[in-house]
Amino acid sequence: GSEGLGGGGGGGAPREDLRWYQESLQLTSVPLAPTVRSKLQRAGFVSVRDVKKTRGPVELALEAGLTNEEASEVMKVVRFGVEGTALAGAKSASELLQEETAKLPIYTFCQDLDDLLGGGVAVGEITELCGCPGIGKTQMCIQLCTSVQIPVDFGGYDGTAVYIDTEVGRVHRTTSCH
């Protein structure tokens, strides 16, 4: 067979097969800006392998009419995949929604308020309470700071909290006792 000649892509070691597959990817399946992809296609670049055949970003920029910065970014994407580029760690809207819906709120233990807040105070976000003096804002904040520190074994988050009192102008940091 021709496996050793770099053609077929089958029969080689799994790592070689993966590399062959990745290099044969069409540029349409690589995360590139539409204008950059268009310039590459007009210049005759169809696959990752076509881009890798150039001697580097300068040659790619000249052949495809890209800026040096665009060419460098293209070379990073085709060499390292999405990792190491601006899109590294990017998540889809579906993944973000799934993460947000998996977060449990911190309950205020006031059913009407929890209902207004969609189940409780959102975790990992800034929540501002405002209102007339004496209605319990400070008490609610201190309660939430305490609630977030409840150990996981008791149904809590075992977390930390920062309480900022803008009226007094001081920052109070509360942390879990371990």
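Lys103 is partly exposed, with a relative accessible area of 38%. On that scale, buried means under 20%, exposed over 50%, and partly exposed in between, using a 1.4 Å probe and protein chains only. Its salt-bridge partner is Glu100, with the closest N and O atoms 3.2 Å apart. By salt bridge I mean a side-chain nitrogen of Lys or Arg within 4 Å of a carboxyl oxygen of Asp or Glu. Glu100 is also partly exposed, at 39% relative accessibility.

A word on the source. This is a predicted model, where local features need pLDDT of at least 70 and side-chain atom pairs count only at pLDDT 80 or more, while totals for chains, interfaces and linings use all residues. Residues are numbered from 1 along each chain as its sequence is written, and side-chain values use heavy atoms, with hydrogens and water left out.

How many salt bridges does the structure hold? There are 4. Another one joins Glu59 to Arg55, at 3.0 Å between the closest N and O atoms; Arg55 is exposed, with a relative accessible area of 78%. Then there is Lys39 with Glu70, at 3.7 Å. That pair links distant parts of the chain, Lys39 being in helix 2 and Glu70 in helix 5, 31 residues apart. Helices here are DSSP runs of H or I, at least four residues long, numbered from the N terminus.

Staying with helix 2, residues 34–42: Val36, Arg37 and Leu40 are buried. Seen down the helix axis, the buried residues fall within an arc of 100°, so they line one face; the arc is taken from the directions from the axis to the C-beta atoms. On the other side, Pro34, Thr35 and Arg42 are exposed. The buried residues pack against helix 4 (57–64) and helix 5 (68–80). After helix 2 comes Gly44, with a positive phi near 95°.

Now the core. A nonpolar core is a set of buried Ala, Val, Leu, Ile, Met, Phe, Trp, Tyr and Cys residues joined through side-chain atoms within 4.5 Å. The largest one has 17 residues, and those with the most contacts inside it include Leu40, Phe45 and Leu60. Helix 5 gives the largest share, 5 residues. Apart from this core lies another, of 8 residues, among them Met140 and Tyr163.

Last, the cysteines. The structure holds 0 disulfides, a disulfide being a pair of cysteine sulfur atoms within 2.5 Å. Cys132 is in none, and the nearest cysteine sulfur, that of Cys130, is 9.7 Å away. The sulfur of Cys141 is 6.6 Å from that of Cys145, the closest one, which is too far for a bond.

How values were computed. Helix = DSSP H or I, 4+ residues; strand = E, 2+ residues; numbered from the N terminus. Contact = heavy atoms within 4.5 Å.
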